[in-house]
Amino acid sequence: MEKSKRVNNNEIIMTLLKGRTLIILAILVILFSVITKNFFTINTGLTVAKHVALYGIMGIGMTYVLITGGIDLSVGAVAGLAGMVAGGLINEGLVLPMFGVSLYFSAPMVFLITALVGIAFGWLNGAIITKLNVVPFIATLGTMNIARGLSNLRSGGATFSNIVGKEALGNMGFDALGKNLFGIPVGVVLLVVIAIIAGIILKYTSFGWHILAIGGNERAAKLSGIKVNRDKTLVYMFSGLCSSIVGMIAAAQLVASHPATGEGWEMNAISAAVLGGTSMAGGIGTAGGTIIGAFIIGVINDGMTMYGVSEFWQKVIKGIVVILAVVIDQFQRNLQAKMALQARNENK
Amino acid sequence: MNQNVVLNVENIDKIYPGTKALDQVSYQVEKGKVNVLIGENGAGKSTLMKIIAGIEQPSSGKMFMDGKEVFFKDTTEAREHGIGIIHQELSLFPNLNVYQNIFMGRECTQGAKLNNKKHVELTDKVLAKLEHPIDAETLVGDLRVGQQQMIEIARNFIQDDLKILIMDEPTSSLSQQEVEVLFRLMREFTQHGISIVYISHRLEEIMKIGDNVTILRDGKYVARAEVSDIDVPWIVQQMVGEGKSYPKKNRNVNWKEKETVLEVKDLTLPKSGGGYLLDHVSFHLKKGEVLGIYGLMGAGRTEVFECLMGLRPEHTGEVLLNGQPVEVKNISEQIDRGFALIPEDRQREGLVQTLNIGKNISLSSLKKYCRFGFLNGKKENASIDKQIKDIMIKVADKKLPILSLSGGNQQKVVIGKGILTNPEILLLDEPSRGIDIGAKTEVFDIIHQYAERGLSLIVISSELKEIVAIADRVIVLSNGINTGEFEQDEISEDVLVLSSYKGHHGHETKKENS
């Protein structure tokens, strides 16, 4: 009898643990609603969501990378570079000195070209990691600096301002990415779309299961016939794509692109993923969890700002929250392992 | 009480959440003897040893050494009482050299400075005694597994006041010669009054080296006997609780009439630093045949599989599949061609621990259940269920983590994964390693069953009894050379062992066989 009671207790704790990110988010929202005037309003909600879209999309790319057991430190710098590429194309066009002309592209083309730049950086990451056998941390640390350097080189460190295009050039409309669609920020719409696609791929396609397997046990995955190097490269390309989209949204939201945009954002992306239950050891993670993680970071950021907590204290508190999240995560995994062993012994 | 008992364990219980690993177990270690402890996986052997070595503490019960009650709260306390343990899994530092490994945690110092001269000196001495002179400065990661095992053993041998040495499956990765050296040393130790507690799955070994045998089953004490009074069938009977041994099959097949599925000619794999891992190895495989590959550690058995699966692109030689020459390039192509591999190391190479049971089974064949990259869950689940039933994996729910299965059932999951790719040729590398006798018999049944259905199998095994029981034909590898081939009635333990040493006498034998 005592045994069955313990099993029930474990199951209750487990359910609570599994829903913990949502519970924490709810508690935070309630907390800030009570202590801060005007927090629980549609306007604040939309502002928070606008910020969350940035960490969220980047975090989903990061989640994929973390699932394979890797890490992508270049995401923030690639986002910055994407903003500079897009801003440059709209304000200056593609300058071809040998012909003495500048080519201007329509906003959708700018979007596509910039996305390709992000994907190319992802491919570079993947190639360095899988073909040259450089560990992901170092490989992406290198490309992070390359991307940051290139974004400064693009404008000599200056900002591209007022990137709305000109009607005469037919390249208007890029700033729509920073506006609202039916009252919802476009970034949030993109976040939802990307999250749904990423979630479906992870759960319902062989590619999704293959990357889960690679992170769980790379050797076993290889021996099972999974094309480990190709799949890893694809994952970094996806992360690069996400980063470039984030860079464009950020530029569109500000209607300007600055070469330092995205500095330190890789940490927000990692935090969002980890808060959402992604394992740094690989093999575990979901897109939905990362979104909730991104919302937690967003609510803490904006909530504390509205409450008047200094930026310095915000950093301290965010650091504590991330560490706590990992500690709870480990507790959950241990409990899970314990319950699995229990089931094994009962089967005997 | 017996005068010769150095350690007396009385009525030990060990309770883990939800399970009783040890149930009122009493156990005596006799002085200067090889005390063998056996039982199937999960019988509680390792738990009992961990308690004696101070790694775990009993839930209740007492331990006495030389009549005085003792309690070890950690390994350091156990070590102070002269108890050392050699683990089943190696616990070495591959990034450090030989002497650093041996003296880790008990460094010799001059003031605050490490006395490395002394370390090297003592290391050379102990390794000479073990008849394994290895340069003390070599990185342990660069050593063969068998050599690493020797380092692990050497680590314990440098302890001066050793009273009890626990050895948990020390021979599982040693070659025959290395085992001989180890046994000689064990005898030397017992003559000096040191007691050895010896855990092994290899019953022949136990009969050879053991003085007395204690058998555990399901966490309970079952029997104890002097080795001179018993035989292997008796031990097996006590372990499984009923008379169970490997069934020898008799297949009346005229192999000459069967078509050849696979032919391998002059398979050669160079060794880094000169020589060959595989030296012009040739063999063939008939449809529905079980071909055994026997050999000592490092004889090149696993390398044959690695070449066939495309994991060793540097190999040379010819591979013909159904008469057609194929170019072996990478593993996914080989799987598509109808090869499947059950790797040797279940945990490291076979399973993805973060995925559930069902996914581990379907992992290799997900493409089959996909349309435009999307998985057809129904089709996938139906295949998984069929496979689970087909090879009798005991699963409560296929969505449970893989960790919830016993070792034997985990192995069946790996085998199921291979079979689900619908292979023509199944390569099994030590399919029964580390699983209990009951599960072994079931694995052999699976092998028979699929051979009867026309699947061609190659099985690597280092357990003689096994290979004799399951193989229709056996080839023996020794030092990368094919040193013998035996069919049906010719297969006996003696001839296999004899052949397995031939490759070490230089290269004259090579010409006869290639």
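Leaving aside its neighbours within four places in sequence, with which residues is A:Met58 in contact? The views below, drawn from a predicted model, begin with that residue; local features need pLDDT of at least 70, side-chain atom pairs count only at pLDDT 80 or more, and totals for chains, interfaces and linings use all residues. Residues are numbered from 1 along each chain as its sequence is written, while chains are lettered from A and ligands numbered from 1 in the order in which they are written.

**View 1. Surroundings of A:Met58.** Beyond neighbours within four places in sequence, A:Met58 is in contact with A:Val75, A:Ala79, A:Cys242, A:Ser243, A:Val246, A:Trp265 and A:Ala269 (contact: C-beta atoms, placed from the backbone, within 7 Å).

**View 2. The largest nonpolar core.** This core has 171 residues, and A:Met58 is among those with the most contacts inside it, as are A:Ile57, A:Ile249, B:Leu427, B:Ile447 and B:Leu457. A nonpolar core is a set of buried Ala, Val, Leu, Ile, Met, Phe, Trp, Tyr and Cys residues joined through C-beta atoms within 7 Å; buried requires 20 or more other C-beta atoms within 10 Å of the residue's own, with C-beta atoms placed from the backbone. Helix α10 (residues 228-254) of chain A gives the largest share, 15 residues (helices are DSSP runs of H or I, at least four residues, and strands of E, at least two, numbered from the N terminus). Because domain 2 (259-338 + 425-514) and domain 3 (351-422) of chain B both give residues to this core, it lies between them (domain bounds come from an automatic or database domain assignment).

**View 3. The open sheet of chain B.** In chain B, 6 strands in the order β6-β9-β10-β3-β11-β12 form an open sheet with mixed pairing (strands pair if DSSP finds at least two bridges between them). At the edges, β6 (83-86) and β12 (220-226) of chain B each pair on one side only. Strands β3 (residues 34-38) and β10 (residues 195-199) of chain B are parallel partners over 4 bridges, and B:Val36 has B:Tyr198 of β10(B) as its bridge partner. Helix α6 (residues 176-191) of chain B packs on the sheet, touching β3, β9 (164-168) and β10 of chain B, with its direction at about 145° to that of β10(B) (axes are lines fitted to C-alpha atoms, for helices over the stretch in contact; angles run from 0 to 180 degrees between N-to-C directions).

**View 4. Contact between chains A and B.** Here 34 residues of chain B are in contact with 30 residues of chain A. On chain B, the elements giving two or more residues to this side are α10 (331-337), α11 (346-350) and β20 (374-375).

Key:
Contact = placed C-beta atoms within 7 Å. Buried ≥ 20, exposed ≤ 12 C-beta atoms within 10 Å, placed from the backbone.
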